[in-house]
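Good morning, everyone. Please have a look at the model on the screen, and then I will walk you through a few local features.

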Amino acid sequence: MAKKVMLVCSAGMSTSLLVKKMQTAAIERGLEIDVFSASQAEAKEYFDEISILLLGPQVRYLEGELKKVLDSMGIPMLIIDSRDYGTINGEKVLDEVLAELKKGEPPGFHEEKEDKP
Amino acid sequence: MKKLKEIYREVVSLQRQKGRGVSAQEISNALNINRANASRYLNRLSDKGWIKKIQGRPVLFCSEDLQEFPKKDEDIFSFIVGSDFSLKVPVQQAKAAVLYPPSGLHTLILGETGTGKSMFAELMYKFAVTSDVLEKSAPFIRFNCSDYADNPQLLVAQIFGVKKGAFTGADKSRQGLLKKADGGVLFIDEIHRLPPQGQEMLFLYFDKGYFRPLGDTEGEEKVEVRIFAATTENPYSSLLKTFMRRIPMVITLPPLGERGLEERYNLIELFIKEESQRIGKDIFIDKNAFISFLLYDCPNNIGQLKNDIQLACAKAFLKYKSQNKDFILITGKDIPQHVKAGLMMISEYRETLEQLLQQVGEVLKFQETYPSVLPATPPEEKYFYDIIEQKLVELKKENKSEEEINQILQMDIEMNFQEYLGTVERYGKEEIGKIVSHSVVDMVEKILRIARQRLGREYDNKVFCGLSLHLQRSIERIRNGERIFHPRLNQIRVDNSQEFLVALEVAKLIDEEFAVEIPLDEIGYLTMFLASKPFETKKEQQNKVGILVILHGDSTASSMVRVANALVGVDHAAALDMPLHMKPQAMYSTAREKVQELEQGKGVLMLVDMGSLLVFGDMMAEDINCEVKTIDLVSTPMVIEATRKAVLGENLEEIYKACKNIANLAGKDKETGVQLVEQISKKNIIVTACFTGQGASLELKKILEENLISDYELEIIALEILDREDFLAELQKLQKKHRIIAVVGTVDIPTADLPKVSALDVMEGKGIAALKKQLENEEMYNNMVKSLREHLTEIDSERAVANSRNFIQLMEEKLNLVISGDVKVGITLHICFLLDRLRKGKMIAPFAGIEEFRQNYLTEMEEIAAGLKDIEAEYQVKIGEDERAHLCRLFLQE
């Protein structure tokens, strides 16, 4: 199943371009990852579906508020590096996401695409 | 006199080596002067009472201070304050280092300025002697690397000696101090100044026990010398790692602040007693003055404490002598202001103080009868009190009034306490010493001290730093025969006559010290440094551009001007109403009169609506001697902007442009393209500034280039700021073409809206780090602009990013916030997308709980609404309440 990556900013606006770039990068790399953005208010509705949550640097104050819930659900959270955010560096943020997701996996686990017949 | 001191020092050190008096022949050998001269000097010293003559054959001379050389089994360390408390560990370490078999350990002593490193090294030597580890005649040689900081080669040669021809100027072989110290101790102070080459040579000696003089490739000089070194710096960053690894013992002396009040009490007691001994009279100190000494902030540690106490004692002594008092009493009047400030800390230490001062009455008494075992006080200080007394007698003979005498002697006293007086803080001097030679730094200290006295004005580190850089450069220029020219010399002389007199006085000092002749123009520059506000000597009457609004209609102009003046909060703009029936000729003569009335030498801006009024300006330009510019189709915002800028003292051209800009904004839609292309290619620049544009600013430019130019796309431009207006105009010109990252200057830069970095910060490295950060930040925003360019369809990304950043900065001011760089990036992006969407007419996410939020953040929301006005106007959009609430939350949550 595709992993869902949610980016959160205050109104879901400033992250939209980054979402696009990350999604493109993911597709180019052949990864099954679904990237989308949400406003601060909407974010909670998606907690059931997502594999990781990214915060824009301007809303990093949400970290404390969200951490408890996310921890209890085992969802990792990252604050996007402001340089990557500012330069809208989709590739780089995607790398960070992949690295973070890998942490949660047991060692030696490779999510290789199964060859579907 | 200088020679005498040198002789005296030699007597002391030889006597210490030999443990007995010194003969004229020995002095003659040691200093390489003929015996007759040596004998003459020694006799003169003995006449003055500095040394004692012991009849015999040969006649020996000895310094009294050293007769009390400690006896064999006395633990010399037990005499120092804190040897059982704060210095317990250092003392144990020191003893271990001295006694460690077979020949002790090389030791590095760390500690801030004034913590007593040299004294400690000397005690270690004495301890070695009294413990029979070293011969009584073993030499103790001290060497301060900063004396040769501007000539590393000579420095290394001093320590290791040099073989003839090792470098230019080495015309004969010379023995180094390491050799001279054979069998004893070489104390190397400020060792962080020793260049890597020297450090390597030193650790070769550590490893092998021999060294090679400079230029000698074969010889192996074997010596047995214990090296004690000291530094105020962090050794791991200022010394070679390979060197540090070979230092077996590192002793750290605590700063005064960590030594507790009780020890400080004892130190004060010790120092006052020493003074008492020197004067030969009891010294009394009033309790509050004593508490000041206990509590004041003393960044240069014990050295400064001692100095400040000596200064106070000298002043009290003067009062005692000149006013025929019955006893020497130190009161609040005798202590420097920065010491007095200590009293303000009283509430923080009330309990400890009560305990400490339990037994103490309103006045404390100190007397000392035993000579101290601590290192001898140099004679010139010892006889300082005699000098005061002598001068006093002389001045009285000249029939000077008591007040005059007091003034003269106070000056003398303060001059004698050069090192720590005043506001020159510890790092300033240290840091600047790396770039400017020590003699210049000392001279600048002297200059500022004199100026402080004469002009009753304080000078901060910035002035200190700026003047040092300037002077260094000026002296070089004078020596090279380069001409120094001051275009505003006469103006400066008139505006700052007091400062000019002082500058003349210090110029003489500079002449003598550096054997140059300071030209009058240079004295003009010195005057500017001494003036409190060099650019704004006439701030009160600073001239402003006149603003005149002339409009058709019975009261249109006057009501518009009323609004503008009220909003700006001044009464600067003037109005002329032109009723429709009025003839242009009549209006012209009224207007001309008005313009002449408003003209203050900086021109007049006329704001008009239409018709004949448009040409008034041109007519006047020919008619009267006054620069007039005309803006047509005037609007209220224009009048407000013009008035505001005029009051701020901006020039006519600037104000004219600002009004034109408003006019453009009002009419324009999407024609920003042309302007933008040239903005995008903006280059980052840093401006360095000093009075001449050729002195300190060039030095700064060099430093910045060394540190920054390889990593960033950047140009550094040196400017002069002789004239405030010219400087600002020049900056503006640059700003049009480039992005000014910061202005780095030796003096306060008179501009409000550019980041400023002081020369001092640059030298300390803080400034470089700050500039780097700023440059990185700029690079990041540049990339942001590029990334956004293709995605923002409705607006220009460069302009939008710039607008957003301005807005954030404005909000930081208005809401009194400090927003971190990361968050700013996020908010900038947010605003850019917001503007793009609004231009597209797209919906924005509503803000949940807007009602409550509005209630809670009423004022903030209003500030934001006000701050967004300009952006709304430029982009022709309306930023609604929900959007503002989003922004508000972003700002506040930080």
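**A walk through chain B**

Let's start with B:Glu713. This residue sits in a loop of chain B, between helix α31 (696-708) and strand β19 (715-720). One word of caution before I go on: this is a predicted model.

Is B:Glu713 buried or exposed? Its relative accessibility is 68%, so B:Glu713 counts as exposed. Together with B:Asp711, B:Glu776 and B:Glu779, B:Glu713 makes up a patch of negative charge on the surface.

Next, the backbone. Take the step from B:Pro101 to B:Pro102. That peptide bond is cis, and its omega is near 0 degrees. Where is B:Pro102? Look in the loop of chain B between α4 (88-99) and β4 (107-110).

Now two residues with positive phi. B:Asn301 is not a glycine, yet its phi is positive, about 60 degrees. B:Asn301 belongs to helix α13, residues 301-322 of chain B. Its relative accessibility is 2%, and because buried means under 20%, B:Asn301 counts as buried.

B:Ala515 is not a glycine either, and its phi is a positive value of about 50 degrees. Here we are in a loop of chain B, between α23 (497-514) and α24 (520-530). B:Ala515 has a relative accessible area of 69%, so this residue is exposed.

On to the aromatics. How many aromatic pairs are there over all chains? The count comes to 18. I'll show you two.

Pair one is B:Phe77 with B:Phe120. The ring centres are 5.6 Å apart and the planes stand at 45 degrees, so this pair is tilted. The two partners are 43 residues apart, and the pair links distant parts of the chain. B:Phe77 is in the loop between β3 (60-63) and α4, while B:Phe120 is in helix α5, residues 117-130. B:Phe77 is buried, at 0% relative accessible area. B:Phe120 counts as buried too, at 1%.

Pair two is B:Phe290 with B:Phe366. This one is stacked, with 6.0 Å from centre to centre and 25 degrees between the planes. B:Phe290 lies in helix α12 (residues 287-295) and B:Phe366 in strand β13 (residues 363-366), so the pair ties together parts that are 76 residues apart in sequence. Both B:Phe290 and B:Phe366 are buried.

One last stop, back at pair one. Thank you. I'm happy to take questions.

Notes. Residues are numbered from 1 along each chain as its sequence is written. Chains are lettered from A and ligands numbered from 1 in the order in which they are written. This is a predicted model: local features need pLDDT of at least 70, side-chain atom pairs count only at pLDDT 80 or more; totals for chains, interfaces and linings use all residues. Side-chain values use heavy atoms; hydrogens and water are left out. Patches are made of residues with over 30% relative accessible area and no salt bridge: like charges are joined within 9 Å, nonpolar side chains (Val, Leu, Ile, Met, Phe, Trp, Tyr) within 5 Å. Accessible areas come from the Shrake-Rupley method with a 1.4 Å probe; for residues, only the protein chains shown count as cover. A salt bridge is a side-chain nitrogen of Lys or Arg within 4 Å of a carboxyl oxygen of Asp or Glu. Lys and Arg count as positive and Asp and Glu as negative; His and the chain ends are not counted. The place of a charge is taken as NZ of Lys, CZ of Arg, CG of Asp or CD of Glu. Helices (H or I, at least four residues) and strands (E, at least two) are DSSP runs, numbered from the N terminus. Buried means under 20% relative accessible area, exposed over 50%, partly exposed in between (1.4 Å probe, protein chains only). Rings of Phe, Tyr and Trp (its six-membered ring) pair if their centres lie within 6.5 Å; planes under 30 degrees apart count as stacked, over 60 as edge-to-face and the rest as tilted.
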